[in-house]
Amino acid sequence: MLTARWLWILAAAVAGVASAQTAARVIVPYPPGGSIDAMARIVAGKLTEATGRTFVVENRGGAAGAIGSASVKGGPADGSLVLIAPDSNISVYPATVTKSAYVPLEDFVAIAHTGDYRIALSVHPSVPAQDLKSFIAWSRTQPDGVGYGTAGAGTNLHFYGVLFAHVSGANMKHVPYRGSGPAVTDAVAGHIPALMLPFGSQLPNIKAGRLRVLAQTGENRTASAPDAPSFKELGYPMLAFPGWYGIFAPAATPADIVNHYNDVIVKAIRAPELRERMKSLELEPREMTAAEFQSFVKADTERWAPIIKASGFTPAAE
C-alpha cells in the first residue's frame with residue numbers, strides 16, 4: 001500500500017509531467033507574416049528546447065497590435081505566457097491613446113531584446129518616381145496625397161511616415177492595415193502606391209522587382225540591398241534610428257523566470273546559425289540583460305512621446 005508520502009510524490013510527479021506537456025504561448029499581436037512573426041517562431045523554438053515545455057505562437061492581431069498586447073496583461077505569471085512585440089506596442093503606444101488598454105512599463109516586465117530593424121519606404125513599380133527626390137516632387141502633384149501602407153494607425157511606422165512628410169514636404173496619406181503582411185500584399189497588387197514597413201518584410205518583393213525601395217532608416221546601407229540608400233545619406237538624419245522587437249511577460253512573473261528566459265535568448269542569438277537567420281530577416285542582434293532592456297524601454301518611451309505630440313496626432317480612446 002502506498003503511504004501518504006509516496007502518494008504525494010506520485011501526485012507531484014504527475015503534476016510536473018502535465019505542466020511540461022501543457023503548451024505555453026508566445027503572443028504575436030499581428031497576423032501571420034512579416035519579420036516579427038518569423039522571430040516569434042524562433043523564440044518559441046528556443047524556449048521549447050530550453051524548458052522542455054512546448055511554446056506555441058498565437059497570432060492575435062487588431063487595433064494596431066493593442067488587442068494582442070493587452071491580452072497578456074494580468075495573464076499567468078508562471079512563464080507560460082510571453083509577448084513578442086515591436087516598439088510600436090510598447091514605447092510608442094502610451095502616447096497614442098487617451099485611455100490605454102495596458103500600461104507597458106507597469107503591466108509587463110521586459111525579458112529580452114530580440115533585434116533592431118530598419119524601416120523602408122518603398123513604392124509599387126508603377127509609381128513614376130525612381131528615387132526619393134523625385135518621389136517627393138511627384139507626391140506634391142497628387143491632390144489627395146500618396147497613400148503609404150503601414151501595420152496600423154499609431155504605430156512607429158505611421159509616425160516615421162508623418163515625420164518624413166513633415167521634414168521633406170512630401171504629400172502623403174496614411175493607410176493603416178492590420179499588420180505588415182496585408183499591407184505588403186496590397187502594395188504588390190498595386191492597390192496602394194507606397195509602404196513604410198520593416199525592411200525585412202519587404203525585402204523578398206524588393207529583390208523580385210515587385211517593389212522599389214527609395215530609402216531606409218539605417219545609419220548606412222545594408223549588404224542585402226546595397227542599392228537602397230539611407231534617409232541619412234539623402235539628407236534626413238532625423239530618420240536614422242531603428243525600430244526593435246522584444247519579449248515581455250506579465251508584470252508579476254518572478255525574476256528567476258525572467259532572467260532564465262533572457263539567458264536562453266541571449267545565448268541563442270550568439271549562435272552563428274541564428275545570427276544568419278536574423279540577418280535574413282534584416283534584424284540586428286543586441287545583447288541586453290533583462291534589467292538593461294527594461295531601462296532601454298523606458299528611455300525609448302520617453303523619446304517617442306515628444307515626437308508623437310509634435311506630429312499633431314490625435315490620440316484615440318481604447
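# Close-up views of a predicted model

Figure 1. The model is predicted, not experimental. About 160 Å³ of space lies in the largest cavity. The second largest cavity has a volume of about 30 Å³.

**Figure 2. Lining of the largest cavity.** A set of 19 residues lines the largest cavity. Nearest its centre lie Y30, I36, A151, S180 and Y245. Helices α2, α6 (156-168) and α7 each give two or more residues to this lining. By class, the lining has 9 nonpolar and 10 polar residues.

**Figure 3. Lining of the second largest cavity.** The residues around the second largest cavity are P104, L105, F108, V109, A110, F248, Q294 and V297. Two or more of the lining residues come from each of α4 (104-107), β4 and α11 (290-311). Strand β4 has the largest share, with 3 residues.

**Figure 4. The largest pocket.** The volume of the largest pocket is about 410 Å³. Of its 19 lining residues, D116, R118, E282, L283 and E284 are the closest to the centre. Elements β4 (108-117), α10 and β11 (283-284) each supply two or more residues to the lining. By class, the lining of the largest pocket holds 7 nonpolar, 5 polar and 7 charged residues.

**Figure 5. Packing of α9 against α10.** Helix α9 spans residues 255-270, and helix α10 spans residues 272-280. The two pack at an angle of about 85°, and their axes are 5 Å apart. Because of this angle, α9 is roughly perpendicular to α10. On the α9 side, the contact is made by A268, I269 and R270. On the α10 side, P272, L274, R275 and M278 take part. The contact has 5 nonpolar, no polar and 2 charged residues.

**Figure 6. Helix α8 and its surroundings.** Helix α8 (residues 199-207) is mostly covered, with 7 of its 9 residues buried. The buried residues of α8 are F199, G200, S201, Q202, L203, N205 and I206. They pack against two helices, α2 (35-51) and α7 (180-188). They also pack against strands β5, β8 (194-198) and β9 (212-216). After α8 comes G209, with a positive phi near 80°.

**Figure 7. H124 in its loop.** H124 sits in the loop between β5 (119-123) and α5 (132-139). H124 has a relative accessible area of 17%, so this residue is buried. Contacts beyond its neighbours within four places in sequence include A187, V188, A189 and G190. I192 and P193 are also in contact with H124. R210, L211 and R212 complete the list.

**Figure 8. M172 in strand β7.** M172 belongs to strand β7 (residues 172-176). Its relative accessibility is 14%, and M172 therefore counts as buried. Not counting residues up to four places away in sequence, M172 touches L121, F135, V146, Y148, F164 and A165. For scale, L157 is 15 residues from M172 along the chain, and their C-alpha atoms are separated by 13 Å.

**Figure 9. F241 in the loop between β9 and β10.** F241 is placed in the loop that runs between β9 and β10 (243-250). The relative accessibility of F241 is 11%, so F241 counts as buried. Leaving aside neighbours within four places in sequence, F241 is in contact with Y160, T217, R303, W304 and I307. F241 and G34 are 207 residues apart in sequence. In space, C-alpha to C-alpha, F241 and G34 are 20 Å apart.

Conventions:
Residues numbered from 1 in each chain as written. Predicted model: local features only at pLDDT ≥ 70, side-chain atom pairs only at ≥ 80, totals over all residues. Heavy atoms only, no water. Helix = DSSP H or I, 4+ residues; strand = E, 2+ residues; numbered from the N terminus. Buried < 20%, exposed > 50% of the residue type's maximum accessible area, 1.4 Å probe, protein only. Contact = heavy atoms within 4.5 Å. Axes fitted to C-alpha atoms, helices over the stretch in contact; angles between N-to-C directions. Parallel < 35°, antiparallel > 145°, perpendicular 65-115°, else oblique. Nonpolar A, V, L, I, M, F, W, Y, C, P; charged D, E, K, R; others polar. 1 Å grid on protein atoms, 1.4 Å probe; cavity = no way out; pocket = protein on both sides within 12 Å on 5 of 7 lines; lining within 4 Å. Points joined across faces, edges and corners; volume = space filled by probe spheres on them.
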